[in-house]
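My entries follow in the order I looked things up.

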Amino acid sequence: MRPGTDHTENKFASFTCNRGYQKLPRLFYEAENQPMKLLATLEVKAERRFGWSGYIFAWKAKHGTLFLGVIILCVVMASYILTRDQQKFLLTPSPFQYSATSNNEESPELDSTEIESDTDRLSSPFNWLERVSYATPETIAETSDSKLQLKPRRLPEREDLIKQEAHIFSVIPRNFLQNVKNHCWYTRYTGTASTDPYKKNAYFLHTKHFQTIFDYLKKVIWKHLQHHGDKHYRLRCLPYFYIIGQPKCGTTDLYNRLRLHPEVSFSIVKEPHWWTRKRFGIIQPWNGFHARYLIEDYLDLFDLAAHQIQSQITNSSAEQFIKSNMIIGEASASTMWDNNAWQNFYHRTVNGEPPYLIQDFLHAVLPAVKLIVMLRDPVERLYSDYLYFISANKSVEDFHEKVKDSLQIFDGCLMHSSLRSCVYNCTVNSAMPARLQIGLYAVFLWDWYAVYNKNQFLILQLEEHAANLKKSMQRVFEFLSLGNLTERQEAAIINNPASNTRRPKDKSLGPMLPETRRILEDFYRPFNEKL
């Protein structure tokens with residue numbers, strides 16, 4: 001068995017209610033289980049005395065079961081009310097009896113500043129559905145002086161992080177090589193020339209279309225080792241920079257352009273999702289939990305780049321202090337926002353907020369890493385997200401209904417929980433048919449800024465990136481301290497076709513409904529103002 005493997009299984013209970021009650025069967029007389037004549041049967045019936053014991057027993061069983069069910073229901077509801085356990089239940093108001101206003105006076109503060117709405121406009125971030133009638137489900141919001149506040153979170157100590165992920169910290173050193181630009185170090189290699197170090201790699205086992213790459217790595221790893229007598233050392237690397245988000249904001253386009261730079265290499269999987277999902281055993285979010293991917297599995301994804309760095313070190317002259325300028329990137333667009341797994345692995349907190357976030361662990365192992373964030377209008381991002389991930393029955397009307405349902409669910413959470421708790425609540429996020437929370441950029445950036453310095457971030461807007469690719473890419477090159485390019489190399493990067501654009505069949509749906517745009521702009525406005 002591989003060390004660090006953890007098997008976690010989610011168990012869900014479902015309850016059904018049958019409205020079709022059946023009458024108890026009437027008692028009837030029957031003879032012994034032997035062939036009898038009709039007259040003999042009637043004679044037995046006439047002689048048998050009528051008994052009520054069976055009927056009384058069935059009546060008691062029925063009412064006893066009903067009484068027990070009522071008691072269990074009362075206990076469950078009482079426990080929820082007393083403990084406010086938001087991990088197991090999601091109670092949202094009925095769409096036909098929705099409150100017109102909601103002021104959460106106990107919501108925390110955002111560093112003595114507040115994300116607040118314009119009092120003269122329909123911009124409440126809490127309530128977007130006024131009273132909705134059964135006949136005309138309209139979205140009407142009219143609230144004033146609504147406020148969303150966010151308190152600074154308590155950052156965990158390194159010792160606490162080590163307790164949670166001891167194996168990660170046992171593999172990754174605190175100091176890296178000083179003569180290479182990227183984050184790399186040497187580790188002892190105990191295999192032989194015929195050893196396959198990738199045969200148990202979880203990415204290889206679950207992603208068969210990478211078999212060719214892993215087969216190649218298996219063949220060449222021996223010649224990329226440092227050999228000192230009978231001891232062999234393997235160069236291991238982690239990324240110099242991450243493209244951490246957000247989905248449908250142009251991260252794939254930026255990734256494909258950066259790959260063309262001669263000093264940049266990436267993981268062999270564009271989006272490993274290791275920090276957010278794979279290290280918890282999540283292969284697909286809808287498929288539950290599997291065996292956890294080890295940190296060694298993640299490090300294997302950078303071996304192609306590590307081999308390039310090793311070759312540069314080997315071929316460098318003795319006078320060169322920096323032996324390699326090659327840098328490695330990773331582009332999982334879930335890194336910035338996806339903390340949905342915490343409820344299954346970390347202890348519950350009183351306020352329902354996660355005790356640890358992805359950036360806590362990332363900072364503990366890579367405190368000097370550089371982070372690139374791509375954003376776009378969150379309204380357009382949500383519509384693009386819908387068109388990309390919904391596979392059937394897409395329409396602007398369906399998108400409108402999903403937005404309304406999601407706003408109601410998120411609002412229901414804010415009625416009794418803090419903003420951060422709702423944003424990172426797996427139950428809420430799973431229940432919303434549209435991923436509203438991903439567009440709350442201010443919340444995520446605030447929590448990342450609490451861990452990393454702001455000068456370690458480069459924030460790009462998709463709209464500006466698309467309008468002036470040359471200027472946008474120059475900002476990226478400067479941020480990563482990359483070397484100068486020839487005109488031909490720069491032209492190849494700038495003129496590379498745009499990646500992951502909207503599919504023709506999705507374009508045929510046209511823009512979202514004006515009413516959908518209005519309520520989404522109202523929802524996101526107070527957050528956008530804080531960017």
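**Entry 1: Ser-421.** I began with Ser-421, which is buried at a relative accessible area of 0%. I take buried as under 20% relative accessible area, exposed as over 50% and partly exposed as in between, with a 1.4 Å probe and protein chains only. I then placed Ser-421 in helix α14, residues 419-423. Helices here are DSSP runs of H or I with at least four residues, strands are runs of E with at least two, and both are numbered from the N terminus.

Two notes on the source. This is a predicted model, in which local features need pLDDT of at least 70 and side-chain atom pairs count only at pLDDT 80 or more, while totals for chains, interfaces and linings use all residues. Residues are numbered from 1 along each chain as its sequence is written, and side-chain values use heavy atoms, with hydrogens and water left out.

Which residue lies 4.5 Å from Ser-421, C-alpha to C-alpha, though 68 residues apart in sequence? I found Glu-353 there. I also checked the side chain of Ser-421: one of its polar atoms lies 3.2 Å from the backbone oxygen of Gly-352.

**Entry 2: the whole chain.** I counted 21 helices and 10 strands in the protein chain. The chain has 531 residues, and 47% of them count as buried. I looked at contacts between residues at least 6 apart in sequence, and 78% of these join residues at least 24 apart. Contact means heavy atoms within 4.5 Å.

**Entry 3: the parallel sheet.** I traced an open sheet of 5 strands with parallel pairing, in the order β7-β8-β6-β9-β10. Two strands pair if DSSP finds at least two bridges between them. β7 (264-266) and β10 (457-461) each have a single partner strand, so one side of each has no neighbour in the sheet. Neighbouring strands of this sheet are turned by 25° against each other on average, direction ignored. For angles, axes are lines fitted to C-alpha atoms, for helices over the stretch in contact, and values run from 0 to 180 degrees between N-to-C directions.

I followed β9 (residues 370-375) to β10 and found 5 bridges between these parallel strands. Leu-371 stands opposite Phe-457 in β10.

**Entry 4: the antiparallel sheet.** How many strands form the open sheet with antiparallel pairing? I found 3, in the order β3-β5-β4. β3 (183-189) and β4 (226-228) are the edge strands, each pairing on one side only. β3 and β5 (residues 231-238) run antiparallel and are joined by 7 bridges. Across that pairing, Arg-188 stands opposite Tyr-233 in β5. Helix α9 (residues 303-315) packs on the sheet and touches β3, β4 and β5. The direction of α9 makes about 115° with that of β5.

**Entry 5: α12 against α13.** I took the axes of α12 (residues 378-389) and α13 (residues 396-414): they come within 11 Å and cross at roughly 115°. From α12, Leu-382, Tyr-383 and Tyr-386 meet Val-396, Asp-398, Phe-399, Lys-402 and Val-403 of α13. I sorted the residues of this contact into 6 nonpolar, no polar and 2 charged. For that sorting, Ala, Val, Leu, Ile, Met, Phe, Trp, Tyr, Cys and Pro count as nonpolar, Asp, Glu, Lys and Arg as charged, and the others, Gly among them, as polar.

The loop between α12 and α13 holds Asn-393. Asn-393 has phi near 55°, a positive value in a residue other than glycine. Asn-393 is exposed, with a relative accessible area of 71%.

**Entry 6: α16.** Why do I call α16 (residues 441-449) largely enclosed by the rest of the structure? Because 7 of its 9 residues are buried. I listed them as Tyr-441, Ala-442, Val-443, Phe-444, Leu-445, Asp-447 and Trp-448.

Entry 7: I located His-273 in the loop between β7 and α8 (295-300). Is His-273 buried or exposed? His-273 is buried, with a relative accessible area of 13%.

Last, I noted a cis peptide bond from Gly-245 to Gln-246, with omega near -10°. Gln-246 sits in the loop between β6 (241-245) and α7 (251-258).

Key
A polar contact is a pair of N or O atoms within 3.5 Å; within protein, one must be able to donate a hydrogen and the other to accept it, and residues adjacent in sequence count only if both atoms are side-chain atoms.
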